[in-house]
Amino acid sequence: MIRTHVLGFPRIGANRELKFALERHWRGEIDEAALQGVAAELRARHWRLQAGAGLDHVTVGDFALYDQVADLIQLFGCEPARFGFTGEESPLRRYFAMARGVAAHEHGEACGCGASAGEGAAALEMTKWFDTNYHYLVPEFDAATAFTLHADRLLAEVDEAIALPASPKAALLGPVSFLFLGKSKEAGFDRLALLDRLLPVYEQLLVKLAARGVTWVQLDEPILGLDLAPAWQDALRRAYERLGQVDQQVLLASYFSPLAGNLALACGLPVAGLHVDAVRAAGELLDVARTLPLDRELSVGIVDGRNVWRADLDAALETVHEVRELRGGRLWLAASCSLLHVPMSLRDDPVVDADVRPWLAGAVEKLEELRVLKRALWGDEAAVADALIEARQARASRLASPRVRRLDIARRVAALPADADRRASPFPRRQAAQRERLRLPAFPTTTIGSFPQTPAIRAARAAFKRGELDAEAYRAAMRGEIEDAVRRQEALGLDVLVHGEAERNDMVEYFGEQLDGFAFTANGWVQSYGSRCVKPPVLFGDVARPAPMTVEWTRFAQGLTERPMKGMLTGPITILQWSFVRDDQPRADTALQIALAIRDEVADLEAAGIAVIQIDEPAIREGLPLRQAERAGYLAWATRAFRVAASPVGDATQIHTHMCYSEFNDILPDIAAMDADVITIETSRSDMELLRGFGGEGGGFRYPNEIGPGVYDIHSPRVPGSDEMLRLLRKAAEVIPADQLWVNPDCGLKTRGWPETEAALRHMVEAAKALRGEGLVR
């Protein structure tokens, strides 16, 4: 018997309906009922797509208004006490308070953003979902954490699916991964101690779902793809031995990484079925098929849920036939992971290059691939013969395309000198030269790069793309926005300025549009967090830079001020990670090609007189393999790619990099090996906890170069006061030498408005001045 399903589906909508509804709600333009109405319509539409593709179950529980982990915080009644909820607030108001922070303001009751009078509360910490660009909200745990079931929302969604009609399969994060991905907020507290409190709530939920007619519940335990300590392995055994006593069929799901040392554990847990990632962990699929007891269902993630390349259906069928023979015919087919990480559809995208479009598949097309595989395995190949032929032709076209591989680029890579990734002098000598050139005060202030993308900026860009604004008029409009940003920064008293990136649609797409080897989409949106969506380029071929990309704008901005102006670039690993990257050569090779293109831009910026160049690498931690054994190899080529991009400049040119929303302490020596003169990092949501590793606390690694820890969270509309920022700076100064400390926000300010941006930056400058007044010198 062959069944098909998906672990999850994109929730933003084909036209980003969820994004726009959320933002209208936060602005007070629609109420909770209207927002929930949009959500219900999207769920129904997506379930119909799944049912129409012949899936045996539609997935319920994967839809979230902001984040699926935040949903569980409310589902299990463990909202942090620090938010001060009274119980009189609506669940949705509390939900957005946790996601976006709480601050006193004048928005009024209709706002719905969660803000209230009083001192407010910072949003939950946000970090990357394993090695993806999706961000989840981190649960907070302490010894007082209690769990109670609040399942009305989930059960209502089950009822919606049944009414379609459709057969729902509930999908939730499993109990052990939920605790693992949270954070202990009490010194010395082991969050595993909460497992015995949490499991009864999962049991209650499984019982309620069974009573509602749900025959399968998918519990995701993605930590099975990690190197787990024995205590966490034991927790998985204990959890599923207990849940296995409930009369409910559980499909345990792992993805993103091989099971490796957890293979026997996963196959031995008392669950009704096991899902494995047959794309990321193809090499162990047959071992899983042999090890998993024959009375258990095996779900094979045979279609890539992380990338947009069309499946090789012939190879997939061959693989599945092998597994089927071992399993005696009982098999589920699925995407490797949730389809949250790919666009809704690319089939009819009007912008995608005509040569490239046949090579691509979004979520809707991946549903079709599962339908074709299922019919072929049923023995009905005649019904899907045309689809199989089309897939073969697309694959052959991609393999033969002269646009994919270029001899000139291969020759440049081969001729790269061995020392192309090294600066001419060590950091202390460079630091002295840069200080002589820049003449900055103690605790210099700067921002991460982008400023608000105002309606005027977006309107001008849209008019330019539609052909309603010619190139010269568009250039004049962007220059006006750049000058406005520069004047505002000067008035605020910032020390190192940025041009604000008014001309950029996205920090990766903007560069991809000017590099060979990239294709683009009109509707290839994926969710990054909340209402934030990104449209990754499709990196299909060898990469080169035909012409300078940023020099004109940066030179113009520097001509407006006497203060140093940063040249702003995106680094090679972030361009790699935040694109849908080619899968026909090692990622290391692609990264080096991108690095050479960025290297050319760095050299041109320096030649134009730019003294400070920032090469953002927020994704370098994200790209780290989940398995420890694979990390050293990745870090070697990833840090080398950064150094190749950053190293053509002289000692007096200061290289910055920026990283955000990741844990860094386990790779600090490798971050130091990037040899950036200044690194700026996100630290405010963790209350500077992330910074402690950089200071060598406890005899650990001390970061040798200069550091700018973020002093306020730009992902929240909350504007902290200067006293709050000063408190964080004092904490930073306890672990980082005063003469190495910079002052900056957590991240870029593209998504914020000017009033809150100026208010926050004013407080930030005040905090820096106050710290200078406390006698610490540069």
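Leaving aside its neighbours within four places in sequence, which residues is F147 in contact with?

## Around F147

This is a predicted model. In it, F147 touches F76, C78, F141, F178, L179, L194, R197, L198 and V201, with neighbours within four places in sequence set aside.

F147 belongs to the largest nonpolar core, which has 137 residues. F147 is also among the residues with the most contacts inside that core; the others named are L65, F76, W129, F178 and Y240. Two of these, F76 and F178, are themselves contacts of F147.

## Salt bridges across the chain

The whole structure holds 62 salt bridges.

K374 and D56 pair through their side chains, at 2.9 Å from N to O. K374 sits in helix α12, residues 363–377. D56 sits in the loop between α2 (32–52) and β2 (58–60). The pair therefore ties together parts that are 318 residues apart in sequence. K374 has 6% relative accessibility, so it counts as buried. D56 has 29%, so it counts as partly exposed.

R643 and D421 also form a salt bridge, again 2.9 Å from N to O. R643 is in helix α22, residues 631–646. D421 is in the loop between α14 (407–414) and α15 (427–438). The bridge thus ties together parts 222 residues apart in sequence. R643 is buried, with a relative accessible area of 9%. D421 is buried too, at 6%.

D495 and R772 meet in a salt bridge of 3.0 Å, N to O. D495 lies in the loop between α17 (471–492) and α18 (509–512). R772 lies in helix α25, residues 754–772. This pair links distant parts of the chain, 277 residues apart. D495 is buried, with a relative accessible area of 14%. R772 is partly exposed, with 24%.

## A charged network

Salt bridges can also join several residues. R43, D71, R153, E157 and E160 are linked in a network of them.

## In brief

Is R772 buried or partly exposed? R772 is partly exposed, whereas D495 is buried.

Terms used: Residues are numbered from 1 along each chain as its sequence is written. This is a predicted model: local features need pLDDT of at least 70, side-chain atom pairs count only at pLDDT 80 or more; totals for chains, interfaces and linings use all residues. Side-chain values use heavy atoms; hydrogens and water are left out. A nonpolar core is a set of buried Ala, Val, Leu, Ile, Met, Phe, Trp, Tyr and Cys residues joined through side-chain atoms within 4.5 Å. Buried means under 20% relative accessible area, exposed over 50%, partly exposed in between (1.4 Å probe, protein chains only). Contact means heavy atoms within 4.5 Å. A salt bridge is a side-chain nitrogen of Lys or Arg within 4 Å of a carboxyl oxygen of Asp or Glu. Helices (H or I, at least four residues) and strands (E, at least two) are DSSP runs, numbered from the N terminus.
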